[in-house]
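Please open the structure in a viewer and keep the sequence at hand.

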Amino acid sequence: MRPIGIFGGTFDPIHYGHLRSAFEMLQALRFEEVRFMPCGDPPHRGATFADAELRFRMVDVAIAGQDGFVIDDRELRRNGPSYSIDTLIQLRGEFPDRSLGLILGMDAFLGLHRWRRWDEILEYAHIVVAHRPGWKAPDIGPLGELLSENGTHRVDDLHTTTHGRIHIHAVTQLEISSTEIRDLVAAGRDPRFLMPDAVRNVIEESGIYMRDAHEQ
Ligand code: ATP
């Protein structure tokens, strides 16, 4: 059975950097599906700009029609902070024999050691890291160690075991970030071609980021 990819994020808003990375992983790593999982109350950062419902809607319209892309709203429905470890424990309960792959951009991977019970994540899932422009894989410290002990270049390892390996995967480098998009919209500019038109329409119709980004 092919692995399930889990792609968490604030998606505030979702953009082509997220979508293209997820798509390339879906294909190259032969995932059964990639689950986009917008987080509720992110513990490591301030409040989100768009609320849970709007972020859900943006992800939902962004992935519409793409085979293998699904949205999972469990973190949005959970009260209190979203911790990936809780989500992974829950998913492992639902899919006891499945390979699970937690998808992270390199920037997110470099902050992994600040996550709650980070050193238990590999007991529940693999970690699949997407290269992001300007970020280098760690070679020292706790993450350097984690990587040297569990890293693998072989995609097959993600299929023959259910958890426990780290795979770094080069994806097309699209230097797009949600922060830049919010700033751009706040400055009255058009985010066209940085995201699907359907997401841009939600931004336009809701007026999100115009007002909010100025107030922060
Ligand atoms: P922000 O600018 O608000 O920090 P972001 O663009 O980094 O947002 P997130 O929702 O925080 O988006 O990211 C979710 C996941 O997607 C993270 O693992 C992040 O590393 C990854 N990611 C974000 N942008 C890209 C990109 N351009 N290419 C590859 N991965 C990305």
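Rings of Phe, Tyr and Trp (its six-membered ring) count as a pair if their centres lie within 6.5 Å. In this predicted model, that rule gives 5 aromatic pairs.

Select F11 and F36 to begin. Their rings form a tilted pair, 6.0 Å centre to centre, with 55° between the planes. F11 belongs to the loop between strand 1 (4–9) and helix 1 (16–28), while F36 belongs to strand 2 (residues 33–38), so the pair ties together parts that are 25 residues apart in sequence. Both F11 and F36 are buried.

Because F36 lies in strand 2 and F69 in strand 3 (residues 69–71), the pair ties together parts that are 33 residues apart in sequence. Both F36 and F69 are buried.

Turn next to Y83. R116 lies over the face of Y83, at 4.8 Å from the ring centre.

Proceed to D157, which is found in helix 7 (residues 156–160). Is D157 buried or exposed? D157 counts as buried, at 12% relative accessibility. Not counting residues up to four places away in sequence, D157 touches H126, T152 and R165. Select H167 as well: D157 and H167 are 10 residues apart in sequence and 9.0 Å apart in space, C-alpha to C-alpha.

Finally, select helix 8 (residues 178–186), where S178, I181, R182, L184, V185 and A186 are buried. After helix 8 comes G188, whose phi is positive, near 80°.

Conventions. Residues numbered from 1 in each chain as written. Predicted model: local features only at pLDDT ≥ 70, side-chain atom pairs only at ≥ 80, totals over all residues. Heavy atoms only, no water. Buried < 20%, exposed > 50% of the residue type's maximum accessible area, 1.4 Å probe, protein only. Helix = DSSP H or I, 4+ residues; strand = E, 2+ residues; numbered from the N terminus. Contact = heavy atoms within 4.5 Å. Phe/Tyr/Trp six-rings, centres within 6.5 Å; stacked < 30°, edge-to-face > 60°. Lys NZ or Arg CZ within 6 Å of the ring centre and 35° of its normal.
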